[in-house]
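Let's take a walk through a protein together.

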Amino acid sequence: MKKVLAAITTLVMLGSFASCGAVTSPENTGTNTNTPKGDGTKTVGIAMPTKSLERWNRDGEYLKAQFEDAGYKVELKYSDDKTDQQNNDIQSMIADKVDLLLIAAVDGSSLSQTLADAKDAGIAVIAYDRLIMNTDAVSYYVSFDNYTVGKLQGEYVRDALDLDNTSETYNIEFTAGDPADNNAPYFFNGAYDTLKKYIDKGTLKIPSGKTKFEQVATLGWATDTALENMQNTLASYYSDDVQLDVALCSNDSTARGVTQAISSDYKGKNSPIVTGQDGDITNLKNIVDGKQSMTVYKNVNEEASVTLEVSKAVLAGQTPDASLLNSVTVEAAYDTESYNNGVKVVPSYLLVPYVITKDNLDLLVDTGLYKWDANKKYLESTAETT
Ligand code: GAL
């Protein structure tokens, strides 16, 4: 049964993205049109973690489209969520003499040797979305404010249950991300820290007792692992008498598994609050259908456009700083303190995430990346085949 559900998830997810085909970059990318374009001689190597999670397909395609539009050649590789493969992929781009590397790491701590080779070859590296650890070879980090992602999830729960004023007690379980992803603890901590005072007070209870990131992490952010973990939690700690009120999930791929576990294995009559992140198409459908409560949205097209501006500056031999943000229309902060990778504090450009619920789905339509379906019931991607 579990395998069937997992297979269905994969099919639904791949189907929803495959039907989008390749992506043309929407008009409103936030990119500075005054910056000189590349002259077609420079190549940017882009290493994405996996095609099996919806967002990286979008990131890869948006990045490729924006860099090509700006006059750069692009070498784009996906590493099937495998560390060795990503090291090999990056080595092959170094051998191809790319001029710049953009990397969303599978495992942020396993690229040190490969990036030392990139540095020796004079190739600058930008960490994309996920910080790369234990290396001095990474020049910049472009991402969202990851801690705020979790904080927004926690605040949503606080407000939905009116935790500051209620005399009720509620049961919550956490599902976090991949321990190899430097972002994952930020998401978890942002949510946990926000809810801690209610946990300490006893307004929120965690029947499983799983309060630590390591206890609730989900290898590879995999939907079927999250499904299995939640099935086990429900079987062990929940019964007709013990109601699950909140499933705090760090992102949409894990939320899909948790939602399935609730549909198939949860005996309670209530609909637990389920959080997420990314605005994956299946999850947006679940939000409309009341199976998921919210998702934290990160506009990856804007992430791509800030990355493009940083890349252009680096490729032109400049040292971008806060002033680079004057050349983009995207809301972002320049941070030279928060992201220490163990060797150096990596200067970071951090974009701003926001909450999407069934009541403000039009905000996604406003991005130009989503549109309503014919019945104006569900959202679909606006991506077109090029
Ligand atoms: C994180 C990323 C999230 C989520 C997750 C799983 O690094 O920031 O948006 O997609 O990976 O892919």
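Helices (H or I, at least four residues) and strands (E, at least two) are DSSP runs, numbered from the N terminus. You are looking at a predicted model, in which local features need pLDDT of at least 70, side-chain atom pairs count only at pLDDT 80 or more, and totals for chains, interfaces and linings use all residues. Residues are numbered from 1 along each chain as its sequence is written, and side-chain values use heavy atoms, with hydrogens and water left out.

Start with a loop. Trp 221 sits in the one between α7 (213–216) and α8 (223–237). Its phi is positive, about 55°, although Trp 221 is not a glycine. With a relative accessible area of 4%, Trp 221 is buried; buried means under 20%, exposed over 50%, and partly exposed in between, using a 1.4 Å probe and protein chains only.

Now find Asn 134, in the loop between β4 (124–128) and β5 (138–144). Asn 134 is another residue other than glycine with a positive phi, near 55°. Its relative accessibility is 38%, so Asn 134 counts as partly exposed.

Next, look inside. A nonpolar core is a set of buried Ala, Val, Leu, Ile, Met, Phe, Trp, Tyr and Cys residues joined through side-chain atoms within 4.5 Å. The largest one here has 74 residues, and Phe 174, Leu 195, Leu 204 and Val 310 have the most contacts inside it. At least three of its residues come from each of domain 1 (16–144 + 298–352) and domain 2 (147–277), with bounds taken from an automatic or database domain assignment. A second, separate core has 23 residues, including Ile 90 and Tyr 141.

Thr 194 counts as buried because its relative accessibility is 16%. Not counting residues up to four places away in sequence, Thr 194 touches Lys 151, Gly 154, Glu 155 and Asn 189.

Finally, visit the ligand. There are 13 residues around it, and Trp 56, Asp 129, Arg 130, Asp 181 and Asp 278 come nearest; a residue is near if one of its heavy atoms lies within 4 Å. An oxygen atom of the ligand is 2.5 Å from an N or O atom in the side chain of Asp 181. For Arg 55, the corresponding distance from a ligand oxygen to a side-chain N or O atom is 2.8 Å.

Conventions:
Polar contact = N/O pair within 3.5 Å; in protein donor to acceptor, adjacent residues only side chain to side chain. Contact = heavy atoms within 4.5 Å.
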